Every structure is written in C-alpha cells, then in structure tokens.
Amino acid sequence: MLNIFRIMKKTVAYILVLLMAATAVSAQNKERRKSIKSWENYEITTEKVGTEGTKFVKVWGFGKTVDKAVMAAKRNAVHACLFRGLPAGPNANATPAICRDPNTFRNNEAYFEEFFAPGGAYLRFVNMTTDGTPAGQDRRKIKGGYKCALYIQVMYDNLKRQMEADGIAKKLSSGF
C-alpha cells in the first residue's frame with residue numbers, strides 16, 4: 001500500500017512539472033508572435049539615396065500571406081523614416097528619424113492608427129520599385145506566414161513636410 005502512494009506521489013509530481021513546462025512554452029510562443037508583429041521587429045537597409053528628396057531602401061515585412069507581408073514592408077519603410085531613422089549603407093549616409101521625440105508615436109496614437117491603417121496615408125510616401133511579388137531570397141516561408149523583402153523608394157522630404165504641416169514633427173528652424 002505504501003508503494004502505491006509513493007508511485008502516485010511521483011506521478012502527480014511529474015504531471016505538475018509537465019504542466020508547468022507546457023505553460024512556459026506557451027508563454028514563450030505568445031511573446032514570439034507578439035515580437036513578430038511589433039514595430040521593432042523588422043530589418044531595413046539603405047541601398048542608396050534616390051532622386052532628390054527620396055531614400056531607396058530594402059525592407060522586410062511579416063504576414064500570414066505574401067500580400068500582407070508586402071503591405072507590412074511598406075508600413076515598415078515609412079515607420080523607419082519616421083521613428084527609427086535609416087542606417088548608413090554602402091552608398092548612403094545614415095538618415096535621422098523625422099520624429100526625434102521618442103514619445104511621438106504614443107502621444108499621437110490616434111493620428112498614427114489612421115495614418116498606418118490599411119490603405120492609409122502612409123502609402124502616398126511609398127514608391128514601389130520592386131516589380132511583382134517578391135521571389136527567391138526575398139520571399140521566405142516562415143512558421144505562421146511569410147517574410148518578404150521589397151526595394152522601396154520612400155518620398156522622405158514629402159513625408160517630413162507632411163509631418164511638420166500636421167504638427168507631428170518639429171520644423172528644423174523651430175529649435176532656434
């Protein structure tokens with residue numbers, strides 16, 4: 001009888017350990033999905049300075065479908081110009097973010113929800129330079145969808161002027 005209790009006690013302990021491990025794995029998966037969808041989780045490189053007032057970048061986007069990943073890449077390109085800045089590339093210097101205050105997004109959340117909504121105003125500042133759907137190394141199947149890269153020309157100066165006109169970014173001359 002005593003052996004049965006010991007066996008049951010060990011079995012219950014093993015089950016509890018397995019349940020705790022499963023809960024930890026589930027929490028990690030939720031965090032991973034959340035990070036994939038976050039604004040901070042995208043890659044961007046500056047390919048070159050485009051024609052007057054534009055930046056030519058290669059940017060990645062994630063989505064359940066290729067089309068959603070392409071749209072995410074477009075949003076990411078504009079988001080980088082606004083909030084992260086563009087890194088230096090072999091043929092271009094680094095470009096600072098248009099909105100230099102780190103609280104700009106949070107302070108103007110309603111504005112940016114509308115700005116970055118599907119079909120939103122951000123698309124006016126994106127000039128697609130990749131023809132067709134990404135393929136080869138620029139289109140990768142990942143767990144839960146796709147990761148796609150696009151070459152995009154961002155109308156940087158026009159974007160900056162719009163943010164200044166809307167009172168989101170400060171004009172350069174306002175600091176003096």
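Strands β1 and β2 form a hairpin with 5 residues between them. In this predicted model, Gly-53 sits in the turn and has a positive phi of about 85 degrees. The two strands cover residues 44–49 and residues 55–63. They run antiparallel and are joined by 5 bridges.

Gly-53 lies in the loop between β1 and β2. Is Gly-53 buried or exposed? Its relative accessible area is 17%. The cut-off for buried is under 20%, so Gly-53 counts as buried. Which residues does Gly-53 contact, leaving aside its neighbours within four places in sequence? They are Val-154, Met-155, Tyr-156 and Asp-157. Asp-157 is 104 residues away from Gly-53 in sequence, yet their C-alpha atoms are 4.9 Å apart. Tyr-156, another contact of Gly-53, also belongs to the α2 and α5 packing described below.

Arg-140 stands opposite Lys-147 in β5.

| Strand pair | Residues | Bridges | Residues between strands | Glycine and phi |
|---|---|---|---|---|
| β1 and β2 | 44–49 and 55–63 | 5 bridges | 5 residues | Gly-53, about 85 degrees |

**Helix α2 and its partner**

Helix α2 spans residues 66–84. Of its 19 residues, 14 are buried, so the helix is largely enclosed by the rest of the structure. Gly-85 follows α2 and has a positive phi, near 85 degrees.

Helix α5, residues 156–165, packs against α2. How far apart are the axes of α2 and α5? They are 11 Å apart, and the angle is about 60 degrees. An angle of 65 to 115 degrees would count as roughly perpendicular. The angle here is about 60 degrees, and the two helices are therefore oblique to each other. The crossing of α2 and α5 is right-handed. On the α2 side, the contact is made by Val-78, Cys-81 and Leu-82. On the α5 side, Tyr-156, Leu-159 and Met-163 make the contact.

**Gly-120 in its loop**

Gly-120 is found in the loop between α4 (109–115) and β3 (126–128). Its relative accessibility is 13%. That is under the 20% cut-off, so Gly-120 counts as buried. Not counting residues up to four places away in sequence, Gly-120 touches Glu-114 and Phe-115. Arg-75 is 45 residues from Gly-120 along the chain. The C-alpha atoms of Gly-120 and Arg-75 are separated by 9.6 Å.

**The whole chain**

How many helices and strands does the protein have? There are 5 helices and 5 strands. From the N terminus on, their order is α-β-β-α-α-α-β-β-β-α. The protein has 176 residues, and buried residues make up 34% of them. The accessible surface comes to about 11,500 Å². Carbon and sulfur atoms account for 56% of that surface.

Methods. Residues are numbered from 1 along each chain as its sequence is written. This is a predicted model: local features need pLDDT of at least 70, side-chain atom pairs count only at pLDDT 80 or more; totals for chains, interfaces and linings use all residues. Side-chain values use heavy atoms; hydrogens and water are left out. Helices (H or I, at least four residues) and strands (E, at least two) are DSSP runs, numbered from the N terminus. Buried means under 20% relative accessible area, exposed over 50%, partly exposed in between (1.4 Å probe, protein chains only). Accessible areas come from the Shrake-Rupley method with a 1.4 Å probe; for residues, only the protein chains shown count as cover. Two strands pair if DSSP finds at least two bridges between them. Axes are lines fitted to C-alpha atoms, for helices over the stretch in contact, and angles run from 0 to 180 degrees between N-to-C directions. Angles under 35 degrees count as roughly parallel, over 145 as roughly antiparallel, 65 to 115 as roughly perpendicular and the rest as oblique. A crossing is left-handed if the near helix is turned anticlockwise from the far one by less than a right angle, and right-handed if clockwise. Contact means heavy atoms within 4.5 Å.
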